[in-house]
Every structure is written in C-alpha cells, then in structure tokens.
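Reader: Hi, can you walk me through this one? I'd like to start with how the chains relate.

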Protein chains: 2
Amino acid sequence: MKSISVKLGTQSYPIFIHTTGLSNIGSLVSERKLGNRAAVISDETVSKLYSDRVIKSLEKAGINSFLHIVPNGENSKSLNILSEIYTDIIKRGLKRDDMIIALGGGVVGDIAGFAAATYLRGVNFVQIPTTLLAQVDSSVGGKVGINHPLGKNLVGSFYQPKFVLIDPEVLYTLPRREILAGMGEVIKYALIREKKFFKFLEKNLNTILQLANNKVICKTIKTCCKIKAQVVEKDEKESGLRRILNFGHTLGHALEAATNFNTFKHGEAVIHGMKWASWVSWEKGYLSEEKFNAINALLNRLDIPPIPKGLNSADLITKIKVDKKQSRKGLNLVLLNDIGKFRIETAGNLSPIIEKWLL
Amino acid sequence: MKSISVKLGTQSYPIFIHTTGLSNIGSLVSERKLGNRAAVISDETVSKLYSDRVIKSLEKAGINSFLHIVPNGENSKSLNILSEIYTDIIKRGLKRDDMIIALGGGVVGDIAGFAAATYLRGVNFVQIPTTLLAQVDSSVGGKVGINHPLGKNLVGSFYQPKFVLIDPEVLYTLPRREILAGMGEVIKYALIREKKFFKFLEKNLNTILQLANNKVICKTIKTCCKIKAQVVEKDEKESGLRRILNFGHTLGHALEAATNFNTFKHGEAVIHGMKWASWVSWEKGYLSEEKFNAINALLNRLDIPPIPKGLNSADLITKIKVDKKQSRKGLNLVLLNDIGKFRIETAGNLSPIIEKWLL
C-alpha cells in the first residue's frame, strides 16, 4: 500500500491513504508486529459506524480486540475520561507489548494517544482519523493530550504513532459542518507554505465540500499530510519552524475558550483566527490588499458560525495569556508576507488589533 | 562541581553529588539557562526542612520561585494530586520555558517529574532527591509516573531531568527506617552487578546505617548512580538490560500492593523481594549455598517489618499478574548466578515457589 513517510529518526512512521482502507487495519497491524491485543478507542458516533469493520479486520488477523467508547465531543479530553480509559485497559489486562488504536476525530486521537503515551510508560499507538480535520492535522506530528478547565491542550506529550491509516471514504458519513471545519486547516497549509495548493483549493473548494471527486479529496489530504510532515520533520518538539502551524490558532484557541468550547468547532475557530491573522498581516503592510482579498474570499466561502456579538477583546486577551504558546519571551504571532509565505514576530500588546478587528 | 554523567544522547545529564549542595541549586540552574521561573514541588516534611534553602538560592540567582506542597506518602502519586499540581502551575503562569524542581524522595520525584513531562507537553525538570532511596535509584533513569488504584506505576513516562543534585547531608534528618529501606536498593546494585561493591557493603554497612562517615556515604551513592547509569545508558526504555534493575521488584511490588501500600516502604518490600529471588536462585541451583547465605546474612542485618502472617501466595500472584512488567511473552524473573551476576528467565507458574517460601 502506498504511503507518505514522516521521517523522525527512530520514531518515523508511514501514513497510508487508501479508500476502503479500514478493512486493511488487521493486516497492517500484524505485518508490523504491534502486539496481539488491541484496545480500540472511539466515540459514540464513530464506533456505531466503523468499529465493527475495524474489529472484524483485527480479529481476522488474529488480534484480540476490545472497544472502549468515550462520549462525543471536546469534553472527553479530560482527566476523568482518561482515568476511565486507564481503569478499563488495566482491568482488561492490556500489556506493554499490546496496542491502542484511535478510531475517530481529533478528540479521540488526542486522548487515546495520551493514554498510549502514558499507560505503562508507553504502548504501541495506531491512528485511524475519521474526520477531515484529524486526517490533515492531528494524525501528523505526535501531539497528544487533554484539556484543563483553565485552557486547551495544557496537558500532553509528543508521542508518535506506529502508523496512520486514512480512509477518505469515511468522510461520506461526516456532517457538512465537520468538512467545513476541516477545510480551515487545509487552507492553512496552503497559506503558510504552498501558493500552488492555494490555487488548487480556489478551483476545487466546492468539489471538496461536496465530496464529489475521490481523486481530488485524496490529493487534498495527501498534500496537507506532506506539508505538515515536512514541517514536523524539521522541528519535532515545536521550538522553531513548527510554530508556523499555529497560524490562525492564537485567536482561534482564545475564541474557543472564551465561548466555553460550545460555540465553535476547533477548525471553525481557526478559520476566524486565520481571517484575523491575515487582516493583521495586511494592516501591518506585510500582505498586499489583493492577496488579502483573495484569502478572505476563499475563507468566506466556508459558511461558519459568526463571532458572538457580546464577545469583547478583553475576554480574548485573557484566554490568549494562558495559552501555552506564550513563552517568557512573549507571544509568537504567525503572520503572512504572501500566500504561501509565513513570518513570525513577537507580539506586543494585542488589545488594539483585536479591538479594531472585532468592530 | 564534579559530576557523574548519564549519557543518553540529546537527553544526557549530569548528577552532582556534593555536601551542602542545596545552596548551589540557584547557580546550577542559571548556568544551564533552564528558565527564570521555578515551581518547587516538595512534600510536607521535606519542605519544612529544606525548601527555604532551595528557594533562597534560586531567588539569589534571579529565579522567581514558588513552592507547591503535596501530602507525605505514596498516596500522593495519584491523578488527583497531579491535577492539583496542574491547576496550581497554570494559575501561577508557569510557561513552556520555565522549570519544575522536585525536592523530596521518590514519590515527589515521580509525580513532579510526570507533571514536568506532561505540562505543556514537557517543561524543564530538575531533581533534588532527599532520601537515600531516591538518591541511588529514582534520580537515574527518567522513570516518572503515578499509581492507579489497581496497581503501582501503571501511568507514566520516560522523562530525563536536566540535572540531578544530590546532597548527602540531607540524609542526617532522615528517619532510620528510610535509610534501611534505601539500603535495599543499594545492595541490589551490588547483587546484580558488582561483587566488589558487595564486599564494601559487608564491611561498611553499619557505618552507612549510622551515617558515621561522609566519605563512605558519598562513595556508596556514587557507586549506585554509576551502576544504574551504565544500565540505563544501554537500555533507556527497558526493553533489555534495564530489566535487571527489577531484581527483587516482582515480589516487592506485589507485597506492597497486597498490603495496600501501608505496611512496607518500597525499599523494604524490595528487600523481601530480593530475599525471595535469591532463595529461588539457590533453590533452582543457580546460586551456591555459600553465596546465598552471604546475601541473606547481609540482608538480615537490615531490621525491617516481617511479611504479615495472614498473607497468602494467591494474593501475591494476583498482584504480580497486574504488574506492568508482565508482557505477553510472560513474566521476566531476574535471578542470580553469583553475587554480581544476574540471569533473566521467563517465569512459569510462580505459585509453588511463592508458597514454599512463605512457609
């Protein structure tokens, strides 16, 4: 099976992108000798749709499997749900040479990955991302973790999977809103890294949103994974280049937190964040008006919930301050010089540029 | 300052062994540029004795510090206490380029280290072990973690400190029982790796137990750290050689668990575990009677609580089964061919040899 490889020394791993790939999971796992027992972690919705197929394929390959279901949604990235996972896998006797398989979107990948990173100080981990967002984003890079009531992703590790299996066919059962949210991250890769891909997206956005052409979808996912892999390969632990992946995330994370994680999907908040960061780039004179308009035009084709009217810049600033990206040296802001060309600068006082934008 | 180095590639770090070393912590930290803010995590007893000295030294070096105190004892290695640490360090604004310093015994090192490994996906970590056990054992090797109600150390990571500072003078305030428990691990290193060190301990045991000679104590700690460093360097993630460090721990961990962690200190349980493993080695004909007697004679000079009479082998077997060392391939048992020479074998049914020994 063809794959993209993420080259991280001894932690390297392949990403398989393959329609009807789910039924190959058993042989992929057994070829790699990842153990003969698997805990498949999934959420309520995804498990109903796909866990049978995955578990059957595993059992067929001689891998004894059990399913652990977490509730749908971001609230599952909590210490409580993590604790329930530990208890279940201990009781079922999962061993050091067994594996945890994440079957679901970003939430499932993050919590299952963190469980894999920390159970018995690390067991084999496999990811089957089932949302567009997870396929293009969370399945590359090894970031796993949970939220804290005081902020998102404040607890976690870097932990690489043994492989990632992406089956674009699972997208057909995804609500349109999830596809839209995923497109936020897709456009992000184009904006920070590849003008050609931006043109491709301008041309094919509707085709992708309607899931009208498998080839176009595969190419989209593959391009995103390749770009992210290149970035992560150069900077696994986010001390340098990897920060560009936070384009749109400074305001995005703050928006999610300031609306108690119940108004926006992550990708939607990032779309707002990218609009803001592009606007700042234009406002500061880094980005031409023409390019700024082209970016805005593309992003505006994604009909996502607007920013609530009551929200003020002070709320956002408070949430940005607790964001982990803020090092002692100050907050790093990822901006654009051009479509496909990022720039990073240390932000000063953000209040004025957030206030002005919110007006 | 002289140091032993633990060579683990980019994760290498020095261990400083130095009387009155505590007052050097500030300059050691600032020389290494580990951040300008420190969370010092300690327990009730140790913080009363030594936190002032540590924090003063840090402040003097320009490092703003705060103290987070956890309750004394093994029960602090829980998700609840970990959660309290996260909340505190988030509220106080600890950043990605700041540090966590563990000031205390193994429990404090394990939980503070796990917090450091997982907060913001990893911040700088420094260890100041204050018990003999922590100085010779937990400060080398990067194992950090917490317990689960169903078993010890089931949740954790491998996470290396930036450096370890050992001040043997802090042992003077340690209860005799703690020194005895620490001697268990000290003798372990001799048994699995160095006959010469065994002879040294036979000769100097009383001197060490009475803390009567600083030079002898320094040499003891240094030898243990060196042996452990050599083992860990060869096998950081415990897939091979490192398993020899579990000598005495199979039964030891089970004993702790079967007595609800309230009867034995870890080192005491390991002493019983080593007596059992030495006995099994003799019973199986690997170890001569003379050597077995010499080992027993040395271990019996440590007056520790006996194994409770009501305890039966079934309890112990149940606890051994949940122990993380059990891989699918079966339980690895570390035994001895000689003093200083280990052997590892896959254990079959342990019930008979536990029952016979308990009689």
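This is a predicted model: local features need pLDDT of at least 70, side-chain atom pairs count only at pLDDT 80 or more; totals for chains, interfaces and linings use all residues.

Reader: On to the interface. How many residues of chain A are in contact with chain B?

Author: 37 residues of chain A touch 37 residues of chain B.

Reader: Why do the copies meet through the same surface?

Author: Because 100% of the interface residues of chain A are also interface residues in chain B.

Reader: What area is buried between chain A and chain B?

Author: About 3500 Å². Carbon and sulfur atoms give 58% of that.

Reader: And how many salt bridges are there between chain A and chain B?

Author: The count is 0. Polar contacts do turn up: 9 residue pairs across the interface, both residues at pLDDT 80 or more.

Reader: New topic: sheets. What is the strand order of the open sheet in chain B?

Author: The order is β1-β2-β9-β6-β5-β3-β4. That makes 7 strands in chain B, with mixed pairing.

Reader: Which are the edge strands?

Author: β1 (3-6) and β4 (64-70) of chain B. Each pairs on one side only.

Reader: How far are neighbouring strands turned against each other?

Author: By 20° on average, direction ignored.

Reader: Show me one pair. Do β3 and β5 of chain B run parallel or antiparallel?

Author: Parallel. β3 (residues 37-43) and β5 (residues 99-104) of chain B pair over 5 bridges. In β5(B), Ala102(B) is the bridge partner of Ile41(B).

Reader: Which strands does helix α3 of chain B touch?

Author: Helix α3 (residues 79-91) of chain B packs on the sheet and touches β3, β4 and β5 of chain B. The direction of α3 makes about 160° with that of β4(B).

Reader: And helix α8 of chain B, what does that touch?

Author: Helix α8 (residues 214-234) of chain B also packs on the sheet. There, α8 touches β1, β2 (13-17) and β9 (163-166) of chain B. The direction of α8 makes about 15° with that of β1(B).

Conventions. Residues are numbered from 1 along each chain as its sequence is written. Chains are lettered from A and ligands numbered from 1 in the order in which they are written. Side-chain values use heavy atoms; hydrogens and water are left out. Contact means heavy atoms within 4.5 Å. Two strands pair if DSSP finds at least two bridges between them. Helices (H or I, at least four residues) and strands (E, at least two) are DSSP runs, numbered from the N terminus. Axes are lines fitted to C-alpha atoms, for helices over the stretch in contact, and angles run from 0 to 180 degrees between N-to-C directions. Buried area is the accessible area (1.4 Å probe) that two parts lose on being put together, summed over both. A salt bridge is a side-chain nitrogen of Lys or Arg within 4 Å of a carboxyl oxygen of Asp or Glu. A polar contact is a pair of N or O atoms within 3.5 Å; within protein, one must be able to donate a hydrogen and the other to accept it, and residues adjacent in sequence count only if both atoms are side-chain atoms.
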